[in-house]
Amino acid sequence: MAHYANIVVSILFDGLAYAMFLFIVSVGLSVTMGLMGFVNLAHGAFAMAGGYVVVSLTRQLGIGFIPALPIAAVVVGAVSVVFERYLYRQLYKSTDLEQVLLTIGLSFMAIATATYFYGPIPKSVPLPGWLEGDVNLGFRSFPSYRLFLIVLGAVLISVLWYSFERTNIGAKIRAAVDNRRMAESVGINVDLLFTITFAVGSGLAALGGGLAIQLFGLSPSFAVLYLVLFLIVVAVGGLGSLKGTLLAALVVGIIDTAGKYLLADAGGFFIYAITVLVLLVKPAGFYGRE
Amino acid sequence: MAASDSHKVAASAERSQLRERAADYLLRRHYFHWPEALPWLIAIAAFFIFPERMTFGGQVLIMVLFALSLDLILGYAGIVTLGHAAFFGIGAYTVGLLIARFGWSEPISSLIAAAALAGLGGFVSGWFLLRYRGLTLLMLTLATAIMLQETGNLRSDISGGYDGLPGLVISPLFGVFDYDLYGHVNYIYVLAVLAIVFYFVRRIVYSPFGQALTGIRENVWRMHAIGSPVHRRLVAVYSIAAAIAGIAGALFTQTNAYVTLTVFEFNNSATVMVMLILGGTGRLYGAFIGAVVYMLLEDYFSKLSPTFWQFGIGLLLVLAVLFARRGLLGLLEDAGKYFKKKVQP
């Protein structure tokens, strides 16, 4: 009996850590898609770029892992503004297909660039001592890195929730997601709003990329390998919904982990089956607008 | 009085002339045009000029067929899918499993079986999925292809798992023509299948059914409003395109004599879409130009440096979206119009 309880606790713990990673990367994608309806398949490339910035900062400049994370987020967030201003902006009114093609093209270029500079072999980062090993929480011990991930995720969720629900800019974003033309007609600058959320979203993706190095290792194919999962979280959660993204990240994270623990052979089958079921019943996702 | 009457007569004559010209255009649109013979002549010429590269030639023709099937749904009906590889994979595995598990290695009948099964897959998945649009449809088609791959992985006792089904032996064509090492017989076989399927697709595209599909692509609400059975038409064309993709997959297995689960991968769906976009969507021959140019470039550049090739294909896509949305064929058409204007100013 204790054995089964142990497995359940492990699944929930690992699944929660995984869900935090998925949430941090996907939330920006969800809000930007909700605002502009832009299908951005290059979001995984921004996450990968963040990971490689962290690798360079720690390996070449000797900066610690923890300070490297926010630096990577700011750098990638700033670079993403250039892409938004000069490339994405031209395709806001275009079809899904053209947006898909542009961003797939950008992802291919990002993967090739990363392969050229860092090679195809997965990279790792040096962690500070307190993030290695296990932490004993009284009833059993947990890997400290995943615990760190869960705590960081909880903090970020609180901050995002506060800025989304309680600040002026959050109210503007919600208004623009609900009805863009109405928001514009009452004087909200949706273009500027979009640039800001795009930068923040890409920065968070970069942060997620940095955090993922320790979990999965970082190779150039990261840009498309996990993209499908981010898109599933966004589609299942509902575009532009913080609550939905969190719920979808938890569902995907925990079910994927459970599947890998209990039925290793079935691999990712469960997530896709659940995605199809949810979308067939609720095409706009958990909290999306129909 | 008389002057205004003659005015009216002239105007109505001009109108009826215009109407006649429009009717004429619609009537003659599907007639055979001489430039259409060009790709086929090139394909036949290639057989005599590059006899030692015919295995590669067969692979190019298979991708043309695959891209043609995508053109039917993406270019004509406007269905954006990220999971077209699902049907290619069904066709490829139908042939593979028939040989490896049932010992059925006759090529033509397994080709038909592959088309039937892939078409059935398209019908069932299309019936459920084609109610959706945008991101939801993208994710559902993508998830369908990955679920097929995972199912194959789950039952690796049947599918061979990620090692696939190697060393498949195909019976001689019509019991006479054996598959040679250089792929000569195979090239002719694939070219013949492509020609038959192409004739069929061309008929569909210029039929009233094809016209309705274009209407759905251009303005789906209007088609609903005039009472067109939109969902039924979309499911029909999706099933047809799936069957053709299945034929391409079947030919792929027969050409390579092996098949692995990578045929279901997102990469396969993305590659065929890139080919079609480069060539030009909704114009039949875009699939020819796109697939041939892509395969030739890949063959040359990926030998030099795979990284360089990946960067280049990404750049090509970005440039195509920004500057040449109608693909290479669109660029050719624009160039043709430009020169015509220069000649007769």
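Helices are taken here as DSSP runs of type H or I with at least four residues, numbered from the N terminus. The structure described is a predicted model.

In chain A, helix α4 covers residues 96-118. Its 23 residues reach 32 Å from the first C-alpha to the last, close to the 33 Å expected at 1.5 Å a residue. Of these 23 residues, 17 are buried, so α4(A) is largely enclosed by the rest of the structure. Gly119(A) follows α4(A) and has a positive phi, near 80°.

The contact between the two chains takes 35 residues from chain A and 28 residues from chain B. On the side of chain B that touches chain A, at least two residues each come from α6 (134-154), α12 (266-279) and α14 (306-323). The most is given by α6(B), with 12 residues. Sorted by class, this side of chain B has 20 nonpolar, six polar and two charged residues.

Within chain B, helix packing was examined for two pairs. Packed helices are described by the angle between their axes and the distance between the axes. Helix α3 (residues 54-76) of chain B packs with α12(B) at an angle of about 75°, and their axes are 9 Å apart. Angles of 65 to 115 degrees count as roughly perpendicular, and α3(B) and α12(B) are therefore roughly perpendicular to each other. From α3(B), the residues in this contact are Met63(B), Phe66(B), Ala67(B), Leu70(B), Asp71(B), Leu74(B) and Gly75(B). They meet Val272(B), Met273(B), Met275(B) and Leu276(B) in α12(B). The contact of α3(B) with α12(B) has nine nonpolar residues, one polar and one charged.

The second pair consists of helix α9 (residues 208-218) and helix α11 (residues 230-256) of chain B, which pack at an angle of about 110° with their axes 10 Å apart. These helices, α9(B) and α11(B), are therefore also roughly perpendicular to each other, and their crossing is left-handed. In α9(B), Phe209(B), Ala212(B), Leu213(B) and Ile216(B) meet Val230(B), Arg233(B), Leu234(B) and Val237(B) of α11(B). Seven residues of the contact of α9(B) with α11(B) are nonpolar, none is polar and one is charged. An α-helix has 3.6 residues a turn, so residues three or four places apart point the same way.

Val185(B) lies in helix α8 (residues 184-206) of chain B. With 17 other C-beta atoms within 10 Å, Val185(B) is partly exposed.

Terms used: Residues are numbered from 1 along each chain as its sequence is written. Chains are lettered from A and ligands numbered from 1 in the order in which they are written. This is a predicted model: local features need pLDDT of at least 70, side-chain atom pairs count only at pLDDT 80 or more; totals for chains, interfaces and linings use all residues. Axes are lines fitted to C-alpha atoms, for helices over the stretch in contact, and angles run from 0 to 180 degrees between N-to-C directions. Angles under 35 degrees count as roughly parallel, over 145 as roughly antiparallel, 65 to 115 as roughly perpendicular and the rest as oblique. A crossing is left-handed if the near helix is turned anticlockwise from the far one by less than a right angle, and right-handed if clockwise. Two residues are in contact if their C-beta atoms, placed from the backbone, lie within 7 Å. Ala, Val, Leu, Ile, Met, Phe, Trp, Tyr, Cys and Pro count as nonpolar, Asp, Glu, Lys and Arg as charged, and the others, Gly among them, as polar. The expected span of a helix is 1.5 Å times one less than its number of residues. A residue is buried if 20 or more other C-beta atoms lie within 10 Å of its own, exposed if 12 or fewer, and partly exposed in between; C-beta atoms are placed from the backbone.
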